[in-house]
Amino acid sequence: MNVQELLSAFDLFRDPLLAGAIAGLALGLLGIFIVLRRMVFLSAALAQSAGLGVAAAFWVEIVAGFHVSPVLGAGLLTVATGMILFVDTERLKVTREALLALVYIGAGALAVIAGSRIAQEAHDIHGILFGTGVLVRPSDLQALAAGAAVTLLLALLFWRGLVFTSFDSESARVQGLPVRLLQGMLFGLIILMDAVATRALGMLPVFAFSTLPAVGALGITRMLPLAALLAALFGAVAGFGGYLAAFFWDLPVGAAQTRVAAAFAVLGLTIRSLR
């Protein structure tokens, strides 16, 4: 593949390029909160549940005969997974990480089983699990763009409150901030972006965009506004550049996007270790 071939068929590749950049931008920004609040495993479980939701939507349409939006299926299961945050783990005598591990492994297994039962959608199921943004449906791109717009708008409007309640909730409560509302908003944005991005790109790059750009940015700087800006930039570059790398070197798209995101994480950790 060469640049001339890419330009000659740019109309075909425009949507997946935009989808990768948009998803990386929004998820990279949210990744700052995910990494600093040590919610990486939650992000993995949400992405896996979103993949299962998409697979379940395909299964229901084939078996029951009525259409279910894959984005709706992804959204419902990510919301259900997010409810783990409100489970009384002390009463169950189990850690929250154990519950998330159960969801992560169980959702992945069920998605594979669903794929084996729906032969005609097997390629889509594989893409959901491992990422295949080779072609992106216009409806998926529109949903992704809308979700990213909402995420960026609310993050900018409520940035100070989100930071304050995320890292010093007690002081925020004393100051009269609506801690539960702001934390619920943050979790809602993570769930929203995981749902729409998984449908468009697959679970693997979504999980990568949610964590690796933030790791790289926080390795470079501890100033949260600058780290958030860098994480969003790294995510966008990983989504866009990963697709180009896949095109030019004939690589799987999701894996290529993940590798670029991982390169930013390695860069940040290297800079931090040198300091």
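Author: Please keep in mind that the model is predicted. Side chains of opposite charge can pair when their charged atoms come close. A search of the whole structure turns up three salt bridges.

Let's start with Arg14, which pairs with Asp15; their closest N and O atoms are 3.6 Å apart. How exposed are these two partners? Arg14 has 37% relative accessibility, so this residue counts as partly exposed. Asp15, at 15%, counts as buried because buried means under 20%.

Next comes the pair made by the side chains of Arg137 and Asp140, with 3.7 Å from N to O. Arg137 is partly exposed, its relative accessible area being 38%. Asp140 has 6% relative accessibility and counts as buried.

The remaining pair joins the side chains of Glu170 and Arg173, at 3.2 Å from N to O. Where do Glu170 and Arg173 lie? Both belong to helix α10, which covers residues 169–174. They are three residues apart there, or about one turn of the helix. With a relative accessible area of 53%, Glu170 is exposed, since the cut-off for exposed is over 50%. Arg173, at 42% relative accessibility, counts as partly exposed.

Terms used: Residues numbered from 1 in each chain as written. Predicted model: local features only at pLDDT ≥ 70, side-chain atom pairs only at ≥ 80, totals over all residues. Heavy atoms only, no water. Salt bridge = Lys/Arg side-chain N within 4 Å of Asp/Glu carboxyl O. Buried < 20%, exposed > 50% of the residue type's maximum accessible area, 1.4 Å probe, protein only. Helix = DSSP H or I, 4+ residues; strand = E, 2+ residues; numbered from the N terminus.
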